[in-house]
Amino acid sequence: MIALLVNPNNPTGESIIGAVQEAARAKGVELHVLRAGSESEIETAFASLVQWQAGALVVGGDPFFNSRREQLAALASRRAVPAIYEYREFPDAGGLISYGPSLTATWRKVGVYVGRILNGAKPADLPVQQPATIELVVNLKTAKALGLTVPPLILARADEVIE
């Protein structure tokens, strides 16, 4: 059984839940959804993880969670729950693994667009772009603390391995 942590205050929360539920069903994995929109609700959600004996946690991408990455990584470590996050800043803060768009590359694109607009381009004429740089970051220190061995294939594919 795995758990998914989402922020109920985020308008994309329900679509995240739907996508992860679909993936869990396809893999035959039981999924529990945890909702946390405040610091105290995060604590409560992690207490539920232990109660349900969750084997892993997926943390949905959310600005609120990004601002609480140290808290989330520390709680996952304290509760001995392997967790995956969307952004590389989580493994930097002690989380186990992240897989998602590079915020650095995304902000660079934003800067290019700002430059184009300041040089006279109309925002409506600029194409919508999706992130093109996806990063896999693994924190081996955290894996060791959790008693996990990261498969060599994952390490070989990782953009960064924190040792």
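The model is a predicted one. Its largest nonpolar core has 22 residues, and a second, separate core has seven. Five salt bridges are found in the whole structure, and Arg 88 takes part in a network with Asp 92, Glu 135 and Glu 160.

**Nonpolar cores**

- Within the largest core, the residues that touch the most other members are Leu 5, Phe 46, Leu 57, Phe 65 and Leu 72.
- Two or more residues of this core come from each of strand E1 (2–6), helix H2 (39–52), strand E3 (56–59), helix H3 (63–67), helix H4 (69–78) and strand E4 (83–85).
- Leu 72 has contacts beyond its neighbours within four places in sequence: Leu 5, Ile 42, Phe 46, Val 59, Phe 65, Tyr 85 and Phe 90.
- The second core, which is separate, includes Leu 96, Ile 97, Leu 136 and Ala 143.
- In soluble globular proteins, nonpolar side chains tend to be buried together.

**Salt bridges around Arg 88**

- Arg 88 counts as buried because its relative accessibility is 17%, under the 20% cut-off.
- With Asp 92, Arg 88 forms a salt bridge whose closest N and O atoms are 3.7 Å apart. Asp 92 has 48% relative accessibility and therefore counts as partly exposed.
- Glu 135 also bridges to Arg 88, with 3.3 Å between the closest N and O atoms. This pair links distant parts of the chain, 47 residues apart: Glu 135 is in strand E6 (residues 134–139), and Arg 88 is in the loop between E4 and helix H5 (89–92).
- Glu 135 is at 13% relative accessibility, so this residue counts as buried.
- A salt bridge between Glu 160 and Arg 88 has its closest N and O atoms 1.9 Å apart. Because Glu 160 lies in strand E7 (residues 160–162) and Arg 88 in the loop between E4 and H5, the pair ties together parts that are 72 residues apart in sequence.
- Glu 160 is partly exposed, at a relative accessible area of 29%.
- Through shared partners, these salt bridges join Arg 88, Asp 92, Glu 135 and Glu 160 into one network.

**Strand E5 and its partners**

- Strand E5 (residues 97–101) is mostly covered, with four of its five residues buried.
- E4 and E5 run parallel and are joined by two bridges. The bridge partner of Ile 84 in E5 is Ile 97.
- E5 pairs with E6 in the antiparallel sense, over five bridges. Here Ile 97 stands opposite Val 138 in E6.

**Loop residue Gly 37**

- Gly 37 sits in the loop between strand E2 (31–35) and H2.
- The C-alpha atoms of Gly 37 and Asn 9 are 6.1 Å apart in space, although the two residues are 28 apart in sequence.
- Not counting residues up to four places away in sequence, Gly 37 touches Asn 7, Pro 8, Asn 9 and Phe 64.

**Nonpolar surface patch**

- Val 110 is in helix H6 (residues 103–118) and is partly exposed, with a relative accessible area of 35%.

Terms used: Residues are numbered from 1 along each chain as its sequence is written. This is a predicted model: local features need pLDDT of at least 70, side-chain atom pairs count only at pLDDT 80 or more; totals for chains, interfaces and linings use all residues. Side-chain values use heavy atoms; hydrogens and water are left out. A nonpolar core is a set of buried Ala, Val, Leu, Ile, Met, Phe, Trp, Tyr and Cys residues joined through side-chain atoms within 4.5 Å. Buried means under 20% relative accessible area, exposed over 50%, partly exposed in between (1.4 Å probe, protein chains only). Contact means heavy atoms within 4.5 Å. A salt bridge is a side-chain nitrogen of Lys or Arg within 4 Å of a carboxyl oxygen of Asp or Glu. Two strands pair if DSSP finds at least two bridges between them.
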